[in-house]
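Subject: Structure for your review

Dear colleague,

Please find below the structure that I would like to hand over to you. My findings follow it.

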Amino acid sequence: LVCLLTWVSTSVTAQTKYFTRDGSVTFFSKAAVEDIEALNRKVTCVVDAATGQMEFSMLIRSFEFQNALMKDHFNENYMESEKFPKSTFKGIIENASSIKWSVDGSYPVKVTGKMTIHGVTKDVVAAGSFFVKGGKVSGKSEFMVALADYNIMVEKSYTSKIADKIKVTVDVNLEPMAK
């Protein structure tokens, strides 16, 4: 009976989807003259625990900067937010079966998929971790993005102020999705 209940509990948990509308993505540019950091707290994420599939979406204009001028330059000159309003990622957790979604712990993962930024879609591989504590699930990843890979051009006069590779940090606190 205990084995049957454990199996049923695991099967039900493995079929759960997790979701958030208030995940965060931070990017950080370290350059010779200036460091630039921005935060987007309106990131949507869905993770299917059974299949390992995951999706992220965010509006580019939702990034918050230290000053309004940086935000204007970011949206108008570099990201062209009117033309390319959002960024997405669709992929899979390669080792999703190693995550025990109902057991407290830290679970390192490898995620592969396609990320679209500035209208350009590229294959991405990133390391990250899922954390389960007291029935709550969160995830985190850090990876580098090369601006040139996504056709984001920096004027020569600004190359000392903007790095050619940007550190991206993703943080999500996920809730079970209602069926």
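In which loop does His118 lie? His118 is located in the loop that runs between strand S5 (105-117) and S6. Please keep in mind throughout that the model is predicted.

Backbone

His118 is not a glycine, and yet its phi is positive, at about 60°. With a relative accessibility of 7%, His118 counts as buried, because buried means under 20%. Asn151 also deserves a look: its phi is near 55°, a positive value in a residue other than glycine. Asn151 belongs to the loop between strand S7 (136-146) and strand S8 (165-176). Its relative accessibility is 44%, so Asn151 counts as partly exposed.

Overall organisation

The chain contains two helices and eight strands. Read from the N terminus, their order is α-β-β-β-α-β-β-β-β-β. Of the 179 residues in the chain, 42% are buried. The accessible surface of the chain amounts to about 10600 Å², and carbon and sulfur atoms contribute 56% of that area. Among contacts in the chain with a separation of 6 or more, 59% are between residues 24 or more positions apart.

Gln53 is part of strand S3. Between Gln53 and Gly91 there are 38 residues of separation in sequence, while their C-alpha atoms are 5.8 Å apart in space. Leaving aside residues up to four places away in sequence, Gln53 touches Val46, Val47, Asp48, Gly91 and Ile92. At 48% relative accessibility, Gln53 counts as partly exposed.

The largest pocket

The volume of the largest pocket is about 940 Å³. Its lining consists of 49 residues, and those nearest its centre are Val25, Phe27, Phe63, Ile166 and Val168. Strand S6 (residues 120-133) supplies the largest share of this lining, with six residues. By type, the lining of the largest pocket divides into 35 nonpolar, eleven polar and three charged residues.

Aromatic residues

How many aromatic pairs does the structure hold? There are eight aromatic pairs. In one of them, the ring centres of Phe63 and Phe74 are 5.6 Å apart and the ring planes stand at 70°, so this pair is edge-to-face. Phe63 sits in the loop between strand S3 (53-59) and helix H2 (68-78), whereas Phe74 is in helix H2; the pair therefore ties together parts that are eleven residues apart in sequence. Phe63 and Phe74 are both buried.

Phe74 also forms an aromatic pair with Phe65, with 5.0 Å from centre to centre and 50° between the planes, and this pair is tilted. Phe65 has a relative accessibility of 16% and so counts as buried. For Phe74 the relative accessibility is 11%, which means that Phe74 also counts as buried. Phe27, Phe63, Phe65 and Phe74 together form one aromatic cluster. Two members of this cluster, Phe27 and Phe63, are among the residues nearest the centre of the largest pocket.

With kind regards,
A colleague

Methods:
Residues numbered from 1 in each chain as written. Predicted model: local features only at pLDDT ≥ 70, side-chain atom pairs only at ≥ 80, totals over all residues. Heavy atoms only, no water. Helix = DSSP H or I, 4+ residues; strand = E, 2+ residues; numbered from the N terminus. Buried < 20%, exposed > 50% of the residue type's maximum accessible area, 1.4 Å probe, protein only. Contact = heavy atoms within 4.5 Å. Areas by Shrake-Rupley, 256 points an atom, 1.4 Å probe, with all protein chains shown as cover. 1 Å grid on protein atoms, 1.4 Å probe; cavity = no way out; pocket = protein on both sides within 12 Å on 5 of 7 lines; lining within 4 Å. Points joined across faces, edges and corners; volume = space filled by probe spheres on them. Nonpolar A, V, L, I, M, F, W, Y, C, P; charged D, E, K, R; others polar. Phe/Tyr/Trp six-rings, centres within 6.5 Å; stacked < 30°, edge-to-face > 60°.
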